[in-house]
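Please keep the sequence and the coordinates at hand while reading.

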Amino acid sequence: MSSSEQDQTDKQKYEFRKVIEDLKEYEGSGTQLVTIYIPEDRQISSVVEHVTQEHSEASNIKSKQTRTAVQDALTSIKDRLRYYDVYPPENGMVVFSGAIDTGGGRTDMITKVLESPPQPIESFRYHCDSEFLTEPLAEMLGDKGLFGLIVLDRREANVGWLKGKRVEPVKSASSMVPGKQRKGGQSQARFERLRKEAIDNFYQEVAEMADDLFVEQRHELDGILVGGPSPTKEEFLDGGYLHHEIQDNVLGKFDVSYTDESGLYDLVDNAQEVLGEYEVMQDKTEMEEFFEELHDGDLATYGFGPTRENLIMGAVDRLLISEDMRKDVVTYECPNGHEEREVIDRREATPDHECSRCGEVVEVEDEEEAREDLIDHLMNIAEQRGTETKFISTDFEKGEQLLNAFGGVAGILRYDTGV
Ligand SMILES: [Zn+2]
């Protein structure tokens, strides 16, 4: 994946995350918020059919208020589905609709469609509850990474992918390795030799299967996990069966009880610690570099103002943004033509601003225009200047510091600008 594609998905993921956070806050007064997950191969017409069916079943709902709310939501969903052709966009889409509590006994009807999530939606889901169903989407965004999975014993092997949190079994093989019991009339030595040969052949077959799958994508691969009983996985790994580039990518070996498809899931469960470490490892490296520059170098910048200025100059190599930062930036233009900005909390009302240069107090007229999500604001500049954006987790100390001590924004510079 090129770095601009990576930026694109990071940005897209951020957009999704924002929408999910908003949706999570909503609550219906009854079981009246509808969520529909639609896979890309599901015909829109069949979704409409399903919604029509639900609409007529909703007439049985006892509470008049809930009944009306559910039916309104379903009607709104049907209206939205009209904009689509035969199939949903790539990877499918999710539709949210319902009357949400806005306080004081009042409700507000909202309908939102999220198209093309970062991973394909696996199955059709209709969900009606007092909350929107956001977990499956959140899971897609939660984890980074592409890992190759291999589980094997002497009789059976399975290979597959771990994409984010999702396990994807791909291929399996089974062996002709005879049991430990030799048949009558066969010499012990000959039996042992044949058995060893059969095992060797099987390991080769498994390695070929893994190489076929993983070698082509070795540049996107974050690592390989190998599972199985002992000493099978050790024999396999120590025997040099795997392509050397794949072998170098092995992150660890783990005991699993099964080597069928379910073994792949066991493997991921048992590797949680390694995977968790891995996930923040890249973020840790970025932050280490930032702190080194901060203490002993000239290439660190932080805080909204200086980072933005450096970004505009094209001097930022990597923009570091805390994953948990939720801020907006407001742009004020005073009557004397001075442009200034304020960073505020996302939930905060837009304040008036006193111009630092002439003292005029500026009121925002058009909020839509003056107020922008801080991350969007910075990422747009970064994109224009060819700066890579990295989202940094808060699951480790220096990541937390980025959020709390540096305003959630920092950068590693290409050259010292003196800003
Ligand atoms: Zn001014």
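Thr232 belongs to helix α6, which spans residues 232-238. The model examined here is a predicted one. With a relative accessible area of 5%, Thr232 counts as buried, because that value falls under the 20% limit. Leaving aside residues up to four places away in sequence, the contacts of Thr232 are Leu152, Asp153, Arg154 and Tyr203.

Pro231 sits in the loop that runs between β8 (223-227) and α6. The peptide bond leading from Ser230 into Pro231 is cis, its omega being near 5°.

A further loop, between β3 (106-115) and β4 (125-129), holds Ser116. Its phi is near 45°, a positive value in a residue other than glycine. Ser116 touches Gln12, Phe16, Pro89, Glu90, Asn91 and Gly92, residues up to four places away in sequence not being counted. Between Ser116 and Gly239 there are 43 Å from C-alpha to C-alpha, with a sequence separation of 123 residues.

Among the contacts of Ser116 is Asn91, which lies in the loop between α3 (64-81) and β2 (93-103). Asn91 is not a glycine, yet its phi is positive, at about 75°. Is Asn91 buried or exposed? It is buried, with a relative accessible area of 15%.

Methods: Residues numbered from 1 in each chain as written. Predicted model: local features only at pLDDT ≥ 70, side-chain atom pairs only at ≥ 80, totals over all residues. Heavy atoms only, no water. Helix = DSSP H or I, 4+ residues; strand = E, 2+ residues; numbered from the N terminus. Buried < 20%, exposed > 50% of the residue type's maximum accessible area, 1.4 Å probe, protein only. Contact = heavy atoms within 4.5 Å.
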